[in-house]
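Welcome, and thanks for opening the viewer alongside this tour. At each stop you will be told what to select and what to look for.

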Amino acid sequence: MTTETVAPERDFTALPLRRRASWVVLLGSLAALGAFTIDLYLPAFPELETELGASTSAVQLTLTGTMVGVALGMLLVGPLSDAVGRRRPLLVGLGVHVVASLLCALAPTIEVLTALRVLQGLGTSSAAVIALAVVRDKFDGRGAARLQARLMVIVGVSPLFAPSIGGVLLELFHWRGLFVALALLSGALAVAVAVLLPETVPAHHRRRFALRPALRGYAGLLRDPALIGLVLVAGLSMSAIFGYVAQSSFAFQQQYGLSAAAFGVAFATGGAMLVAGTQVNGSLVHRFSSQGLLVTGLVCGASSGVLLLLAAVTGLGGMLGLLVPLWMTMFCVGLVMPNNPVLALERHATAAGATAALLGASQHGVAAMAAPLGGAMPFPPATSMAVIMSGALLAALLVYALFTRRTLARPPVLHGEEARTAALREAERARAVEAEAELLAAAGTDDPEGAPRSTASGPVPSTCSHP
């Protein structure tokens with residue numbers, strides 16, 4: 001069991017229940033906007049293909065364009081929010097999302113829709129990055145991990161159930177109405193941010209923004225092997241989820257013959273296990289370290305992923321034999337996802353925006369590459385799903401072992417003014433040590449007996465090396 005001291009004003013668990021709930025709802029809604037933007041219109045693909053006269057691949061390209069826009073936008077918004085604060089980039093991004101969503105509803109061709117989806121992705125990127133950064137700005141320790149776990153519930157459920165919500169809306173409205181619904185959602189979030197979300201980055205903690213220094217800032221972050229590992233683990237963990245989302249309908253409906261309604265139930269059970277994992281994690285962070293829970297999730301997830309692959313290849317136990325290791329794998333991913341950003345943001349707290357951007361860009365970028373892999377594999381759908389999920393988690397475990405396991409024990413990394421202040425303090429300390437050494441050396445020279453002086457800790461060295 002670990003203990004820590006957190007200032008009361010930065011302890012999420014010390015807040016009244018109503019304030020805790022408001023933080024979860026606001027930040028969780030912001031974090032989930034990207035998933036709804038990406039997935040809400042998936043049930044409308046056949047209508048898009050028919051009405052706009054587009055090929056299947058052209059329709060799917062609108063999905064890829066959105067994820068590319070989200071990933072690129074995250075890389076820009078992160079350092080920008082470190083420089084000017086969180087509120088302004090967030091409100092601008094939500095405004096861009098509103099305009100892009102309304103224009104998507106009016107798109108005359110699939111090419112125009114694809115371009116607008118990239119813009120829509122750029123707009124929604126600010127919500128995901130800043131939601132994560134605000135957690136680190138406001139809260140510390142186990143309370144921050146607990147809030148992060150609650151957010152991961154929403155983030156984890158959103159891509160799993162957004163298509164179902166989109167299907168309901170599609171029964172009521174034309175496919176263009178789905179984009180109007182997204183505009184209304186981002187507009188409501190913009191109003192909530194303007195009214196409820198305070199600025200969480202004090203002026204003296206901000207850093208001047210310029211593109212070249214921002215790129216150098218990312219390069220500086222990626223010099224930390226621990227962060228490299230955490231960023232890759234985040235992307236690979238999300239890839240496991242997207243492998244499930246992309247392939248499960250083919251596996252359960254085509255291979256196992258489930259009806260659409262039965263598939264909906266089976267699909268929802270996977271989402272429920274992911275949520276259960278994040279909830280259990282939220283309860284365990286008070287007793288165990290985030291790193292320990294991350295390792296447990298990776299080891300158990302990789303192991304259950306191998307069992308899932310064996311079940312898919314052999315067909316042992318039928319569909320139930322596939323579902324049981326699938327549920328175990330999704331539960332373990334729920335243990336991994338909340339702890340990964342907590343560890344990354346703790347190491348780079350003074351560059352929380354850029355760090356959150358790297359995490360988000362990795363999740364969307366790696367998952368965008370993993371999602372269409374199943375269709376290219378020469379395997380039955382269930383086997384393709386198992387290959388993607390088990391392969392992603394085994395790779396995540398290997399990355400953790402190579403990059404993160406030992407380096408995560410190093411002290412947190414400072415950036416900006418905090419790094420300069422720490423460097424000045426270290427230089428002053430080194431100069432003081434040198435001055436003391438010179439005084440002691442001079443005193444030893446003046447000793448009539450010529451005997452060397454020593455301190456309580458041992459002989460005085462003749463030189464002092466700078467750390």
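## Stop one: a pair of helices

Select H11 and H12, and you will find a left-handed crossing where H11 passes H12. What you have on screen is a predicted model. H11 covers residues 290–314, while H12 covers 318–347. The two pack at an angle of about 155°, and their axes are 7 Å apart. Angles over 145 degrees count as roughly antiparallel, so H11 is roughly antiparallel to H12. Now colour the contact of H11 with H12 by residue class: 17 residues are nonpolar, 10 are polar and none is charged.

## Stop two: two partners for H7

Next, select helix H7, residues 175–196, together with helix H4, residues 87–105. Their axes are 8 Å apart, and the packing angle is about 160°. H4 and H7 are therefore roughly antiparallel to each other. H4 passes H7 in a left-handed crossing.

How far apart are the axes of H1 and H7? They are 11 Å apart, and H1 and H7 pack at an angle of about 155°. That makes H1 and H7 roughly antiparallel to each other, and their crossing is left-handed.

## Stop three: an aromatic pair

The model has three aromatic pairs. To see one of them, show the side chains of Trp-23 and Phe-139, which form an edge-to-face pair. From centre to centre the distance is 5.7 Å, and there are 90° between the planes. Where do Trp-23 and Phe-139 lie? Trp-23 is in helix H1 and Phe-139 is in the loop between H5 and H6, so this pair ties together parts that are 116 residues apart in sequence.

## Stop four: the cavity

The largest cavity holds about 310 Å³ of space. Which residues lie nearest its centre? Select Ala-31, Val-155, Met-238, Gln-363 and His-364: these lie nearest the centre, out of 23 residues that line the largest cavity.

Now bring the helices back.

Definitions and conventions:
Residues are numbered from 1 along each chain as its sequence is written. This is a predicted model: local features need pLDDT of at least 70, side-chain atom pairs count only at pLDDT 80 or more; totals for chains, interfaces and linings use all residues. Side-chain values use heavy atoms; hydrogens and water are left out. On a 1 Å grid over the protein atoms alone, a cavity is a set of points where a 1.4 Å probe fits but cannot get out, and a pocket is an open set with protein on both sides within 12 Å along at least five of seven lines; lining residues have an atom within 4 Å of a point. Grid points are joined across faces, edges and corners, and a volume is the space filled by probe spheres set on the points. Helices (H or I, at least four residues) and strands (E, at least two) are DSSP runs, numbered from the N terminus. Axes are lines fitted to C-alpha atoms, for helices over the stretch in contact, and angles run from 0 to 180 degrees between N-to-C directions. Angles under 35 degrees count as roughly parallel, over 145 as roughly antiparallel, 65 to 115 as roughly perpendicular and the rest as oblique. A crossing is left-handed if the near helix is turned anticlockwise from the far one by less than a right angle, and right-handed if clockwise. Ala, Val, Leu, Ile, Met, Phe, Trp, Tyr, Cys and Pro count as nonpolar, Asp, Glu, Lys and Arg as charged, and the others, Gly among them, as polar. Rings of Phe, Tyr and Trp (its six-membered ring) pair if their centres lie within 6.5 Å; planes under 30 degrees apart count as stacked, over 60 as edge-to-face and the rest as tilted.
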